[in-house]
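The following paragraphs lead through selected sites and open spaces of one protein model. Please keep the sequence and the coordinates at hand while reading.

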Amino acid sequence: MKSLFHFAFNVTDLDQARRFYGDVLGCQEGRSTDTWVDYDFGGHQISMHLGTPFATAATGHVGAHVVPMPHFGLVLQSADWQALAARLKKAHTAFVIEPQLRFPGQPGEQWTMFFLDPFGNPIEVKGFDSLDTVYAS
């Protein structure tokens with residue numbers, strides 16, 4: 001089965017969402033109306049609808065970190081991850097977890113960073129040298 005992941009969530013301002021997801025993250029805008037906008041998020045579809053963003057809490061224990069839950073994100077090749085980390089730093093993004101290497105030398109070694117969109121929606125982006133190792137244990 002070939003599929004794409006779709007995730008719809010709330011934001012409070014579509015113009016501000018366009019600046020963040022389009023200009024900062026570099027996602028390509030798809031369809032839109034006065035109340036929602038779609039984006040290509042690493043080959044997957046995200047839809048932002050006007051409304052109250054979901055509640056989150058720092059309850060996810062991963063290694064030495066406590067991460068915001070729920071969250072969504074991307075898994076990228078390391079080179080693409082590094083480029084996105086540089087873009088986010090250049091945009092003065094406030095990180096929940098600064099870009100860093102997690103689980104060095106272990107199966108599942110990965111680069112990670114957590115940040116919030118302008119509406120408080122938590123996003124994690126992981127980077128792997130090979131996407132074949134995403135599920136390594």
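In which helix is the place of S78? S78 belongs to helix α2, which covers residues 78-90; helices (H or I, at least four residues) and strands (E, at least two) are DSSP runs, numbered from the N terminus. The model is predicted, so local features need pLDDT of at least 70 and side-chain atom pairs count only at pLDDT 80 or more, while totals for chains, interfaces and linings use all residues. Residues are numbered from 1 along each chain as its sequence is written, and side-chain values use heavy atoms, with hydrogens and water left out.

S78 counts as buried because its relative accessibility is 10%; buried means under 20% relative accessible area, exposed over 50%, and partly exposed in between, with a 1.4 Å probe and protein chains only. Leaving aside residues up to four places away in sequence, S78 is in contact (heavy atoms within 4.5 Å) with W111, G127, F128 and D129.

G120 lies in the loop between β9 (110-116) and β10 (122-128). Its relative accessibility is 27%, and therefore G120 counts as partly exposed. From C-alpha to C-alpha, G120 is 8.8 Å from V11, although the two are 109 residues apart in sequence.

The open spaces come next. A pocket here is an open set of points on a 1 Å grid over the protein atoms alone, where a 1.4 Å probe fits, with protein on both sides within 12 Å along at least five of seven lines; lining residues have an atom within 4 Å of a point. The largest pocket has a volume of about 280 Å³, a volume being the space filled by probe spheres set on the points, which are joined across faces, edges and corners. Its lining includes G42, H44, F72, L74, E124, K126 and Y135. The elements that give two or more residues to this lining are β7 (72-77) and β10, and β7 supplies the largest share, four residues. By class, six lining residues are nonpolar, four polar and two charged, where Ala, Val, Leu, Ile, Met, Phe, Trp, Tyr, Cys and Pro count as nonpolar, Asp, Glu, Lys and Arg as charged, and the others, Gly among them, as polar.

The second largest pocket has a volume of about 180 Å³. Of its 14 lining residues, L25, C27, L74, L76 and L84 lie nearest its centre. Two or more residues each come from β3 (36-41), β7, α2 and β10, with α2 giving the most, three residues. This lining has nine nonpolar, two polar and three charged residues.
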